[in-house]
Amino acid sequence: MRVQASPFVTRKHHIPDPCDDGDGYCWVSVILLPDARNGTHSDEAIMLFVIRKCKDGQTAMTHQPLHGLGDHCISLPVKWNTPRQNLRTVRHQAAVLASWWLVQVRQNRVTLDQEMIFDNRTMGEFKNMLDVIPHEWENPEYSG
């Protein structure tokens, strides 16, 4: 399966997400408040907001992540089990995944790449952040 950079970063590496053309995945996206940009909200506060929006059903379902396109949101990959999967179940799965990421943030294992989430996505020859391959992925010793 091909991968792309997620908005979650360890101290050294971007964490891979499934590529948006990967079969069997949909993306549950939560649009963040404009005042959350520029580091005004902690990663923990942003993830708590994402969890609440997933639980409240205030999400968008898309075929690609929106966090690298300048839409000021976080998109979570959810395995799409059947063509008629209940949307409530999909949102619940996204809330569970966001809760797992919240634990990782609280334990200082990951941070949010707020530049990817909030900044302009036009970068040289790349039309958006999802086209950028993190430099560490090109190292042979990187195992994902």
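**View 1. Serine 29 stands opposite alanine 60, a residue of strand 4.** This close-up, like the others here, comes from a predicted model. Alanine 60 belongs to strand 4, which spans residues 60–62. The neighbouring strand is strand 3 (residues 25–31), and 3 bridges join it to strand 4. The two strands run antiparallel.

View 2. Helix 1, made of residues 43–56, lies across strand 3 and strand 5. Its course makes an angle of about 115° with strand 3. Helix 2 (residues 87–106) packs on the sheet as well, where it touches strand 3, strand 4 and strand 5. If you follow the direction of helix 2, you will find it at about 115° to that of strand 5.

**View 3. Three strands form an open sheet in the order 4-3-5.** Pairing in this sheet is antiparallel. Strand 4 and strand 5 (73–79) stand at the edges; each has a single partner strand, so one side of each is left without a neighbour in the sheet. Stepping from one strand to the next, the twist averages 30°.

**View 4. A closer look at alanine 60 and the residues it touches.** Leaving aside residues up to four places away in sequence, alanine 60 touches Trp27, Val28 and Ser29.

**View 5. Alanine 60 and serine 75, marked by their C-alpha atoms.** Along the chain, these two residues are 15 residues apart.

**View 6. Stepping back to the whole protein, with its 3 helices and 6 strands.** Starting from the N terminus, you can trace the elements as β-β-β-α-β-β-α-β-α. Of the 144 residues in the protein, 45% are buried.

Notes:
Residues are numbered from 1 along each chain as its sequence is written. This is a predicted model: local features need pLDDT of at least 70, side-chain atom pairs count only at pLDDT 80 or more; totals for chains, interfaces and linings use all residues. Side-chain values use heavy atoms; hydrogens and water are left out. Helices (H or I, at least four residues) and strands (E, at least two) are DSSP runs, numbered from the N terminus. Buried means under 20% relative accessible area, exposed over 50%, partly exposed in between (1.4 Å probe, protein chains only). Contact means heavy atoms within 4.5 Å. Two strands pair if DSSP finds at least two bridges between them. Axes are lines fitted to C-alpha atoms, for helices over the stretch in contact, and angles run from 0 to 180 degrees between N-to-C directions.
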